[in-house]
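I opened this structure to look up a few things and kept notes as I went. The entries follow in the order I made them.

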Amino acid sequence: MPVAEQGATIPPAGKAPPVFIRPVKSKLSTVSPPRAALPPPAAPTGRGLDSHWDRRFGRGAIEPDFTLDLHGHTLEAAHARLDAGLAQARAMGARVVLLIAGKDRGAPAADRGDSRGAIRSKLLDWLAAGPHGSAIAAIRKAHRRHGGEGALYLVLRRPRG
């Protein structure tokens with residue numbers, strides 16, 4: 001056999017050199033198995049309110065500063081009354097407004113017209129698009145003793161200045 005550098009030997013022709021496989025540490029063994037998907041984060045309870053408010057609403061421990069009853073009005077009269085009533089409540093410095101609008105019905109708002117539940121179905125659109133939308137910190141369902149599903153609490157932001 002011919003001799004190469006420092007005692008290494010060259011294998012005879014026709015024979016493959018021996019292959020030494022060095023064990024490699026697998027990173028797969030150190031990786032933990034995939035975790036179960038986390039549940040989506042809870043929906044925010046409302047911008048500007050803490051859990052203390054929600055607990056008090058849930059117990060019915062909050063007395064509204066102002067009550068606005070739209071039940072029984074036509075859509076046009078209810079919309080006008082809503083804007084005027086919220087302006088009055090803000091002028092008085094009210095923080096919690098009880099808004100009585102009647103129970104929502106199952107049909108979509110566009111299909112309801114002047115039928116039952118029409119005011120309640122359009123109410124959130126009126127509040128968002130109206131002049132007082134930026135003054136509303138949160139909207140919550142009313143406690144049973146204040147009208148339950150037929151009423152809402154509007155929490156108004158504190159006046160600045």
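I began with a term: I count a contact when heavy atoms lie within 4.5 Å. The model is predicted, with local features needing pLDDT of at least 70, side-chain atom pairs counting only at pLDDT 80 or more, and totals for chains, interfaces and linings using all residues. Residues are numbered from 1 along each chain as its sequence is written, and side-chain values use heavy atoms, with hydrogens and water left out.

**Entry: the chain**

I took helices (H or I, at least four residues) and strands (E, at least two) from DSSP runs, numbered from the N terminus. I found four helices and four strands, and along the sequence they follow the pattern α-β-α-β-α-α-β-β. For burial I used relative accessible area: buried is under 20%, exposed over 50%, partly exposed in between, with a 1.4 Å probe and protein chains only. Of the 161 residues in the chain, 30% are buried. Among contacts with a separation of 6 or more, 61% are between residues 24 or more positions apart.

**Entry: helix α2**

The 18 residues of α2 should span 26 Å, and the end C-alpha atoms are 25 Å apart, which agrees. Which residues of α2 are buried? I listed Leu75, Ala78, Leu82, Gly85, Leu86 and Ala89. They cover an arc of only 100 degrees around the axis, so they sit on the same side of α2; the arc is that of the directions from the helix axis to the C-beta atoms. The cover over these buried residues includes β1 (66–69), β2, α4 (118–129) and β4 (151–156). On the face turned away from the buried side I noted the exposed residues Glu76 and Ala91. Just after α2, Gly93 has a positive phi of about 80 degrees.

**Entry: Arg90**

Arg90 lies in helix α2 and counts as partly exposed because its relative accessibility is 40%. Leaving aside neighbours within four places in sequence, I found Arg90 in contact with Pro131, His132, Ala135 and Leu156. I define a polar contact as a pair of N or O atoms within 3.5 Å; within protein, one must be able to donate a hydrogen and the other to accept it, and residues adjacent in sequence count only if both atoms are side-chain atoms. The side chains of Arg90 and His132 make one at 3.0 Å.

**Entry: Arg95**

Arg95 is in the loop between α2 (75–92) and β2 (96–100). I looked for a salt bridge, meaning a side-chain nitrogen of Lys or Arg within 4 Å of a carboxyl oxygen of Asp or Glu. Arg95 is buried yet has none, and the nearest side chain of opposite charge, Asp65, is 7.2 Å away. For charge, Lys and Arg count as positive and Asp and Glu as negative, while His and the chain ends are not counted. A polar atom of the Arg95 side chain does lie 2.6 Å from the backbone oxygen of Leu156.

**Entry: the salt bridge**

How many salt bridges does the rule give? I counted one. Arg145 pairs with Glu63, the closest N and O atoms being 2.6 Å apart. The pair links distant parts of the chain, 82 residues apart: Arg145 is in the loop between β3 (136–141) and β4, and Glu63 in the loop between α1 (51–59) and β1.

Definitions and conventions. The expected span of a helix is 1.5 Å times one less than its number of residues.
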